[in-house]
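Thanks for coming. I will go through two parts of this structure, so please look at the display first.

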Amino acid sequence: MSQAITTDLTIDNSQPLQGQLYQQLAQRIIDQRFQPGSRMPSSRQLAADLDISRNTVLAVYDQLKAEGFLQTQSGRGVYVHRDIISVIRPLQKSRNTAQQQTSLPKPKINSPRIDPVRTSDLDNNLPFTPGLPDLAEFPLRQWNRVVHHQENRRILMGYNGVQGYFPLREAIAEYLRSSRGVRCHAEQVIVTNGAQQALALIADIFLQADDSVLIENPGYRGSRYALGRYGNELTPVPLKNHVLDFSSLTTSAPAKLLYCTPTHQYPMGGILDLSQRLTLLNWAISNNTWVVEDDYDSEFHFYNKPIAAMQGLLENPPVLYLGSFSKTMMPSLRIGYLVVPEYLVDDFVAMKRITSGETPLFVQAALAEFIHDGQFARHLRRMRQLYREKWERFQSLVVTTLQGVLTPVAESAGMHLVLQGEVDDLALCRWLRSQGFGSAPLSAHFLEDPEHQQPPESGLVLGFSSATFPQMRQCVELIRKWLDER
Ligand SMILES: Cc1ncc(COP(=O)(O)O)c(C=O)c1O
């Protein structure tokens, strides 16, 4: 009589016992750690070894017999089925990854290498991470109150609408009309899962592989990834005085879209004035190009009211307007918005339905209440004041400590500061990360641009909004130390 298999099974109480035992036995048979024809321990023995009931073992053995993994030899016990090879060969084949994958269809495009500095998702919220608000100052109590209020509404437990929760669309439209001069009503607003989804939807709706997109250089990387997602050409438009250089637009090839951040160029911070905005709109009209206006942080202009959005400057302009609550509220809400001409709304909603479906309803409803109650406006006023103080303090620290090596770009106010200078910015950012500070290398915001012979500039993009005053001092001193050691 052959020796029974000795098992190395471990069962715990985290999941149903029967399921665990089944999984482990089946896996060992498939892996041929339990050889065909070998004898299984008796049900009594296995139950005693694992300290579980014999009935559990019997039920699992029965299931494995029914599936052809085990067989009973009358009077002798339970065995791994002699013919199991014919059952497990196809399973093993499909797990034979290297070979199998060569013949499986390939992904259509290569995913871009998103962030050259980040090492893990745990790094996402380090102080100085660009775009990260001061979450410690978020009015949690007021927010929790509206969340709790909305949570109890059964009406929000079902489906609602892909375009977005109507009271939120109304609140967004009202906010954009009054504070940004956007010409819109709730029917034109599409709530998106962050501004990133708005950009991806624009690409889905307008672009094919051979279409060209004009894009600020340097510019927001999220826009590059979204608008280049079909492998289509991204034509860099250089900046002049930190805003889009119009002279290079006249020479550029036709493009379907032009992406820009007119109210606060990302990352350099320049602001397109009114006449430049009108020039750009006229250019777009005569060149049949959509302007993608990313109004991502216009709330944080410290000294003057921001210039009205391009979208509102003309009747029916060729503008797709987008914004986000990531900076004004918090990134984890994943709520952004698009404002598009009425005749495009159905296309956008249909595409959103295909790619993501609805935006979580409770969050939309809580946000709508937060805005309607006046909490949002109050929060923005506080944050504007706080970020202004942080910006002033950080800028003066940088000037006194890093003088001559890294120079702050004054316009980059909002929530981040760009420091320009000849440094190995990737190495510096990696090192800062190892010291607990997030930042982005300025050079990573540049696309290659042989036509305008514009080499990437180096420097740091530092999101001061998320840093405390002591962290500001600490970070600037660390940068000084790093520079001194080179
Ligand atoms: C230029 C720009 N646009 C949009 C966004 C917002 O993106 P999302 O709403 O997907 O968080 C950011 C955030 O960093 C940004 O910097």
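Start at Leu417, which stands opposite Leu462 in S14. This is a predicted model, in which local features need pLDDT of at least 70, side-chain atom pairs count only at pLDDT 80 or more, and totals for chains, interfaces and linings use all residues. Residues are numbered from 1 along each chain as its sequence is written, and side-chain values use heavy atoms, with hydrogens and water left out.

Strand S12 (residues 417-420) runs antiparallel to strand S14 (residues 459-462), and 4 bridges join them. Strands here are DSSP runs of E with at least two residues, helices are runs of H or I with at least four, and both are numbered from the N terminus. Two strands pair if DSSP finds at least two bridges between them.

The open sheet has 4 strands in the order S11-S12-S14-S13, with antiparallel pairing. At its edges are S11 (407-409) and S13 (440-441), each pairing on one side only. Helix H14 (residues 375-402) packs on the sheet and touches S11, S12 and S14, where contact means heavy atoms within 4.5 Å. The direction of H14 makes about 15° with that of S12.

Now the helices. H1 (residues 17-30) and H3 (residues 54-66) pack at about 45°, with their axes 9 Å apart. Axes are lines fitted to C-alpha atoms, for helices over the stretch in contact, and angles run from 0 to 180 degrees between N-to-C directions. That angle makes H1 oblique to H3; under 35 degrees would be roughly parallel, over 145 roughly antiparallel, 65 to 115 roughly perpendicular, and the rest is oblique.
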